[in-house]
Amino acid sequence: MTHILKFCGAVLLALATAPTFAADPFETALAEIQRGTRTQLSAEDRAHVLAPWLAHALLKRKARPTQAERLAYLKEYPEGPLAHAVAEGLLREFAASAQHANVVALHHYARQKSDRCHVLASEIALEHRPKDALVADALALWDTDSSLPASCDPVITFADAEGAITADHVRARIARAFSTGQAQLGVHLAGRLTKAEQLAYTH
């Protein structure tokens with residue numbers, strides 16, 4: 001019995017003198033944000049290397065973060081995967097409401113072709129750059145072996161109005177489309193050619 005009591009006493013002493021480990025500040029802050037008990041970041045939170053994730057968690061707690069709130073997030077945390085996701089959503093909203101200057105301001109976040117077309121369409125609307133540069137970028141987007149997203153329609157309309165897409169451009173794109181198995185696209189593009197040439201691709 002004495003040995004058991006000594007053993008228990010030693011265990012209790014070890015527990016009493018064992019070092020305690022503080023909870024990680026990031027995990028604590030994130031848990032409180034998710035519970036809704038923390039509604040803003042402290043100075044310590046902002047200094048944490050994972051501060052962008054905490055700020056993003058605060059945004060996600062809102063049913064519909066305003067554009068101003070999301071722009072504020074981008075101003076403070078302009079880089080990283082979370083910033084790109086926030087910026088892409090904003091860019092598309094601005095494009096949908098023809099806020100061309102705001103679309104152009106987010107141009108460096110445009111990674112997908114649809115977003116690049118949004119940016120170029122806004123640059124065209126604003127005459128943001130010399131026309132020959134805009135035409136060159138429009139041709140670069142047009143020259144693909146796949147179908148273009150709807151956001152590229154204004155860009156192609158602009159290129160057509162400038163006479164930039166020639167019959168040679170069309171034939172080259174048709175050849176690329178057929179070579180990659182995009183026969184439907186090739187036949188569609190053939191509609192830009194003369195009736196005689198169209199027959200070569202549709203029969």
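Predicted model: local features only at pLDDT ≥ 70, side-chain atom pairs only at ≥ 80, totals over all residues.
Local features need pLDDT of at least 70 and side-chain atom pairs count only at pLDDT 80 or more, while totals for chains, interfaces and linings use all residues. Residues are numbered from 1 along each chain as its sequence is written, and side-chain values use heavy atoms, with hydrogens and water left out.

**Pockets**

A pocket here is an open set of points on a 1 Å grid over the protein atoms alone, where a 1.4 Å probe fits, with protein on both sides within 12 Å along at least five of seven lines; lining residues have an atom within 4 Å of a point. Grid points are joined across faces, edges and corners, and a volume is the space filled by probe spheres set on the points. For residue classes, Ala, Val, Leu, Ile, Met, Phe, Trp, Tyr, Cys and Pro are nonpolar, Asp, Glu, Lys and Arg are charged, and the others, Gly among them, are polar.

| Pocket | Volume | Lining by class |
|---|---|---|
| Largest pocket | about 360 Å³ | eight nonpolar, three polar, six charged residues |
| Second largest pocket | about 190 Å³ | six nonpolar, two polar, three charged residues |

If you look into the largest pocket, you will find 17 lining residues, with Thr39, Ala55, Leu58, Leu59 and Lys62 nearest its centre. Two or more of the lining residues come from each of α4 (51-61) and α5 (67-76); helices are DSSP runs (H or I, at least four residues) numbered from the N terminus.

The second largest pocket has a lining that includes Trp142, Pro149, Asp153, Arg173 and His188. Helices α10 (153-161) and α12 (183-190) each supply at least two lining residues, and α12 gives the largest share, three residues.

**Helix pairs**

Helix α5 also takes part in a helix pair: the axes of α5 and α6 come within 10 Å and cross at roughly 140° (axes are lines fitted to C-alpha atoms over the stretch in contact, with angles from 0 to 180 degrees between N-to-C directions). On the α5 side, the contact (heavy atoms within 4.5 Å) includes Leu71, Tyr73 and Leu74, and on the α6 side Val86, Leu90 and Phe94 are among the partners. By class, this contact has nine nonpolar, one polar and two charged residues.

Helix α6 (residues 81-96) meets α8 (residues 113-126) as well, with axes within 10 Å crossing at roughly 45°. These two helices are therefore oblique to each other. Glu88, Leu91, Arg92 and Ala95 of α6 touch Asp115, His118 and Val119 of α8, giving three nonpolar, one polar and three charged residues.

Terms used:
Parallel < 35°, antiparallel > 145°, perpendicular 65-115°, else oblique.
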